[in-house]
Every structure is written in C-alpha cells, then in structure tokens.
Amino acid sequence: MAVKIALAGNPNSGKTTLFNALTGSSQYVGNWPGVTVEKKDGLLGGDPETVVQDLPGIYSLSPYSLEERVSRKYLVEEKPDAILNIVDGTNIERNLYLSTQLAELGIPMVMAVNMMDVVRKNGDKIDFARIGKALGCEVAGISALKKEGGMEAALKAASLARSGGKPKEAPHVFSGSVEHAIAHIEETIQGRVPSRSIRWFAIKIFERDREVIKDLGIGVGEMKHLEEHIRDCEKELDDDAESIITNQRYEFIKNLTGNAIARSEARKNRASLSDRIDRIVTNRILALPIFVLALCAMWWLAVAENGPGTILTDWANDGFLGDGWHVPFTTHECAADGKYKGMEFEDAQGVFARKDVSKSKWEEAYLEKANEGKPDGEKLEEMPEEIDEAVAKTVVAKGVFVEDEETGEPVAKECDCEKCSAVREAGEECEGCGCGCGEPELWDVDYAAYKEAAEWEEPDPSDFGVWVPGIGALIGAGLEKAGVGETVASLVNDGAWGGVATVLGFVPVIFIVFLFLAFLEDCGYMARVAFIMDRLFRKFGLSGKSFIPMIVGKGCGVPAVMAARTIENERDRRMTVILATFIPCGAKTVIIAMFAALFFREQWWIAALMDVIGIAVIVLGGVALKKSRAFAGEAAPFVMELPAYHMPTLGGIWRHTWTRLKGYMLKAGLIIFPACVFLWFIMNFDFKFNLVGEEGIDRSMLATMGGWIAWLLAPLGFGTWQGAAASVSAEIAKEQATATLGLVAANMDGVSTAAHITNLFGSFVPACVPEVSKAAVAKLTALSFMVFNLFIPPCMVAIAVTFREMGSKAWGWFAVAFQLFVGYVLAMSIYQIGLLANGCGFGFWTGAAVLADLFCLWMVFRPARKAAAE
Amino acid sequence: MTLAEMRPGSAAKVARLRGEGAVKRRIMDMGITKGTEIAVRRVAPLGDPVEVTVRGYELSLRKDEAAKIEMEG
C-alpha cells in the first residue's frame, strides 16, 4: 500500500515551493470536503507508492481556525505515515511553535529547515542535531528554492514511514506541575485514543479544547476530576490553561534556539530589505497611490480595451477558436487581382458588408414587388434563377444601411474629406462640417446597383497575409466535406463546439489575472494589500483583499470569483464571491451600451449609475449578509504575518497559474459545457426536435419555455416570452441578451434591429398608462430589463466557478438565490415605483415592491446579531 | 498602557493579555506571550491596523486586538 506523507508547516515557509519540487507534474488540487480550503495531493518524484499531501499553511493546531481544524482532523483521523515538517530557517522561533505540537502527535517526523541559502547569507548558524534531539525527530537543512536537500528530506520521511518504527518519545516542554497534570489526563484517556497520539490528546484536554473533549465523549463527571488537576496548575502559575501551554512552548523554544542558533552580530542592527520596501509601499501618503497603480497595471493587463488580455481574448474567441486569424506582421494590402486589390483586410470587409446588405435588401424588395397580387400558393420564397427584368427595373430598395453590431442602429458615415479631418484633428465632433460624417449612412439600391453589388464576393483572408483558419472554421469545413445534414452540422459545430469554445474563451483572461495575482502573492505584496485596505472593508464584512476581485470583476466575473482564493478567511471569501459579480463586467457593458444608445441618449449618466448600483449592492449587501445567520458570529481575528519580500521564481508563478487554469478547465468546464449545449439546444430546436435556427427563434423551445415563466417577470414590466427568452439566453454569456432581443423582436415593425427592439419595449407598456407617458414607461421597462439582467446571477461560466469556490452545493445555491433576489427586487422596485409615478394606481405589485424594499432596508439596518456565545 | 497606545518606533515587553477565546489564542499562537518584546513599526495609512515586530518577524494586528495586549512600563 502507498505510504502517505503529510507536508505541514507555517504559511510562507516555502511549503508550496517544496511541494511543487517534490511532486512535479503529478499533483491534484481540490477542496477539503465541504470547505474551500485547498487540498493538494501529489506523488513523491512520480512514485505511485509515496503520496505527498500538502496541508494548509497553519501556525498552530488550535481549534479556532478552519485551516487548523482541517489539518488536525487530517493528522489525527487519516493518520499519515509520516510528517515532513517544513520550517522557515529565517524565522525559526515562531515556526518551531507548530513543530512542538506536531511532535506530540506521535507520527514519525522529519523536520526540513528551509531557506538555508538565506540563513547562510545572513551569517547565522543552526545546530540541527541539538534541535533534533530536543524535539525527537530528524532535522535537515534544505533550500526549496535552490532545490537543495528537499528530496533527500522527503525520502528520509518516506523510509521512516515504510520502516513503521516507533517515533522517539515526544519532547517534554512543560514545567513539572503541568507535566504532572498531563500524565493524569493520559491515564484517564488511555485506551480511548490511539496510543501514539495520547500525549497530544492529553494536552488538548488540558487546554479544555471543546472539540477534542466532545469527540472523545468525556463526561461531565470525568472532566470534573481532570479539572482539579488543571485548576491546580492554573492557580500555581496564575494564568489560564491555554496561556500556560502557549507560554511554556515559547519558553522552551526560546531556550532551545538560544543554544542552537548563533546569530550573526552584523544582522541584528541592520534594517532588513523588507522593512525598507515597507517604508515606501505602506507609507501614509504613498501606500494608496501605489496600490491604485498596481490595480491599474492588472486592469490594463487583463481587461483594458487595448490591453494584452483583451487582445488575447479576442484572438482566442474570433481567431483561434472561431473563423481564423492573420499571423502578426504578415498582413499586407490585397495583392491578388480583383475588386479588393490594394485594400486592407478590414476595409475590404467593410466594403463587402455594404455590398452584401445592398444585395439582400434589394432582393427583399424585389420579392415583395414580384409577389404583389399573387395568390398565396404562387408566391416566390426565394430569388428565382431568372429575374424579371421589367419588374427589376422598377424596384428600388430605399434607406439601406449596415447595422452596428452593438446597438443595431445604422452605422455612422465615415468619410475623409479634408475639412472633416481638420475638424477631427482639432478633437471636435465632425457633425455639421458639411460632408455628413457621423450621421447615419443610408443609401438607395436600384437594379443597376444590385447587379454591381452581386458581383462582389467575400474577400479571401489569405490574400491579405498568412491566414490560419480557426478551429471553428475547420470543423465547419470538415462537416461540409463529410456532407452531413444541416441539423447534425449545427449540433456539432454550434452546439458541442460552441460549448467547448465558451469554456476555452475565458482561458486568456484567467491566465493573465492569475499570472499577476501569483506574482503579487509570491512576492509578498498581497499581505500588504490586506494591511492597507483592511480598515475600509471590514466595516461591511469584507477583507482588505476583497478589493482585488471587485476590480477584476469590472472586466470579467469569472477570474474575479476565482481571485477570491487569495482571501484566507472562509467567511470573507464566500462573501466576496457572492458580491464580486455585482460589478457590471465587460459583457454586461455591452448590454448597457445598447440600452444607452436605444433608450437613454439624454441620460448619459446611465452607465455610471449601473456601476454605482453595483457598488451600493456590494456595500449594503455586505452589511446585510454580515448580519445574517449564515455569516454572523465572532469577527475573525486579523492577526496576520507580513512575510518578508522576495523575488518570486518564474516556475513558481507558472505552476500557481497553471493549477488554477487546469482547475477551471477540468472542473468548471464540466458544468459549463453541458449547460451551454443545453441552452443552445433549446434556442435552436422546437419541441419536435426540428432545427429552427436563429430566424425561427419564436418557435424554439426557449420561446415556449419563456412563455411558461413569463408570468414571473410580469411585476418587472416585461413578462412576455421575449423578455424571458432574452434573460434566460443571457446566461450563456451576458451580451447574448442583446442578440436574443434583436432576434425575438424581429417581427416588430421597424426597419432596423434598433427600431424592432424599441417597438418591442413599447408593446410591453400596460393599458393603465396614459398616452402621454407611454414613451416614458417604455423606457422605464427597458431600464427594468437592463437592471434585471445586470444584477441577477452572472453568466453560467461565472455561476459554475462560484459553485466551485463556495465549496459546497448548498453555498452555491445560496449565492445564486441571493443574486436572483437582488436583481429581481431592484428591477421590480424601479418598474413599480416608476409606474406609480406615471399614473397607474397603487396596485398589488406596487405594495409588494414597497414591502420588498422595506425588507431589504431592515436587513441592512437592523441591529447586528450578538456574537456567538463563547 | 496597551499595545494600541504605543507610538511607532517604540518597544516594550508584554505584561498581560486580556480577553479569551479565538482572538487571544491567535495572538498567543503568533508568539505574543507574557514577557515577549514587541516593537511597533508603523500604522496603516487609514489609521488601522498596526505593524509590529515580534520574535524577529513582522506582524499586523488591528487596534481592537492590540488594545487587549497590556505592556510593561
């Protein structure tokens, strides 16, 4: 059977570096059951017979923190065959404090004193033999970073585990009377605990450790007898039992290190490098600007419009996974003879888009004219082979335009007349300079123009540079070649591959965020972030580190939720995960941009208002959650080490980032992929499993199902299948809300998608609204729809990582329910109160909205729960 | 005098720890026990928490927690 070696030590002792060095690529990262504390397993040097298990970094085996309880439980119940205790040689006093506790467990132990390279550089000397003798274990000096001695120490632990030899007797670190009391306790519990760990249990009982006393089932009478001994010690030493144990441990260590360590005189009086860095980065005046600068750097790297993260994401989605991409620096003007000769690729695409829309609009107009007066059976469905010249000559498609992808409105005219460029250079709007720049570009298409437009073929990207086809395009081409039917092709390409592409599309941004976070964590700055921001955030129940996920969240909620991992305290971490996605992310910004263009042209502040609502929800939600039963209780102590700064290694950062990415792809991908395929499926098929496609979305299962749940949305003003379908499909990716709206609104009157959507919201206005207010209420409904979609649970990918980071299904559902509640109440309040102001009377739902708001206010402002009784 | 009242740059020994439960245990686990010398390094830009040096390493704690640590002298 494989032997298990537990890797235990303080945070920042170099445990992770050693674990990575020992296990290489054979590691597995997960959560301990039911909690979000990280659990890492790996094979020692790839040997399947030796498993290394990394315990959370801990300072003690007290029952108070989650990490410590998890570690205790593992050490006592799972019984590893040996412990490899890693100790920071530059900070040995506090590190040995944990070692004295580990030694009492009676598990064979090897101590690895890490960072020996730094110890030597400092000129300090450590007497390993003396420490080993005092603690009853073998001690070796290592440097995990320089790959010195770590493997040897681990192999020593492995052979110790295999030999099954009894560990040396646990050190007696306590004074006479305490040892006496411990001996009494040992006598009482003999036979009830594994004999090798009896000393550990006895000391815990002496400390009155509630968990151990409960687990061992020590009765009141029995405890009363033991209490006598404990009280005698407390009286004699004038302190409580827990303090006696801690004090005496540290005294023992102080004596030991006084003899075993020779500190170089030179170092004692010199300010360390860390201290000098801290003088700047935690400086009263400079700290906040430096922090903001660090955030800006991450923002730019990961999610800024022209930053590397966005460029990589666009490349991944549109290029690598989509149609294809040009190899950088090979692009050139079109060299092939033909209509596009001398053009850049983008310009050629623009020209083709115009020709294409001219062609299809004219064809529409022709069909309409040709079908005039014909009975239903004889009507033309598509363009005939032979165009009736006589009819064609009279057909003119008027007001043709190219739609803007985001807003669905006609794109503005671009021109480069000299006057215009002069105005532009002066930084002013070029409207009104006489050449029509900036105004919607509309044109008419007659038969001659149609014939000309029909001659244009889509530009071939390989004429403009070295073109690499994307995976999506390759799959499409392969399916075409194989000659499969339309339904199968759609299933494979849009459904299955679409699901995979959704999962993979987030990889670049997650990668960059974690590369940066790993750097901040590994170098030691992250602890300073908590130090600097703690004051501000703890008021609403969050940690100083919660700021980072929220800033990342402005760009994308998925890495934001995952970034919460840097928060040690589980309660703070869960709260941050629930709240971080309320900040409107990049995809939600697309919704805001569209609605701002369609409905809120005069209300320029609407986008900023959404950010303000997001921040308000985070602050008030934090306050409310903190007072709720789920998060109530004693405030977690904020007693935190500020580790020495050091330069992180590339390998360390890379591994850190890679484990996160792998976790995302394997674990979150397993939820996202089927969910994406399912949503795609109900959008594209009807209940008879016929492919209906984009144009037939009104016949899709989504539309039917939307009709079933529409009544739920009635109090928000858009309780129709269109409103429901758009909101549900937005769970694939938030910007899908606008695309679906465009599709479901297509049968409304109007010439552009924008006009369709405006009319759709117009049709939602209830009858009680007087004629003069109809336009205002349509806007109000649009606002309600937008707010609902921004503040309900984020897209599926973000929900999947939320479930993963919350550590349990119950917590995941709690997060989703909370977010759904917030989004619903916000939208309902806006709509119902707006309706009241616009002349509809005080109805049932007005009352419901007021009650819901009062409930929220009560949740925020009610007195805090009393801290759990101690 | 408590640790919360000490000025940055000053140092003193711990006389007594008040309170009980998780916070007190955590403070002790981090090496702040009776007789330990603590030097106050600096206060965070927003006025809380404080950074101290204890047993040769840097530790930050909130003023609420520092107020539970009584110092000698």
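I began with helix H33 of chain A and looked up its partners: the buried residues of H33(A) pack against helices H27 (586-598), H31 (721-729), H32 (736-744) and H34 (774-791) of chain A. A note on ground rules: this is a predicted model, where local features need pLDDT of at least 70 and side-chain atom pairs count only at pLDDT 80 or more, while totals for chains, interfaces and linings use all residues. Residues are numbered from 1 along each chain as its sequence is written, chains are lettered from A and ligands numbered from 1 in the order in which they are written, and side-chain values use heavy atoms, with hydrogens and water left out.

Next I listed what is buried (under 20% relative accessible area, 1.4 Å probe, protein chains only) in H33(A), residues 753-763: Thr753(A), Ala754(A), His756(A), Ile757(A), Leu760(A) and Phe761(A). Down the axis of H33(A) these fall within an arc of 160°, so they line one face of the helix. The arc is taken from the directions from the helix axis to the C-beta atoms.

Then I turned to Leu18(A), which sits in helix H1 (residues 15-23) of chain A. Leu18(A) counts as buried, at 2% relative accessibility. Beyond its neighbours within four places in sequence, I found Leu18(A) in contact (heavy atoms within 4.5 Å) with Leu7(A), Leu84(A), Ile86(A), Ile142(A), Ala144(A) and Gly150(A).

Last, I checked a helix pair: H26 (residues 570-580) and H28 (residues 606-627) of chain A pack at about 140°, axes 10 Å apart. On the H26(A) side I noted Met575(A), Ile578(A) and Leu579(A); H28(A) contributes residues including Val617(A), Ile618(A) and Leu625(A).

Technical notes. Axes are lines fitted to C-alpha atoms, for helices over the stretch in contact, and angles run from 0 to 180 degrees between N-to-C directions. Helices (H or I, at least four residues) and strands (E, at least two) are DSSP runs, numbered from the N terminus. Buried means under 20% relative accessible area, exposed over 50%, partly exposed in between (1.4 Å probe, protein chains only).
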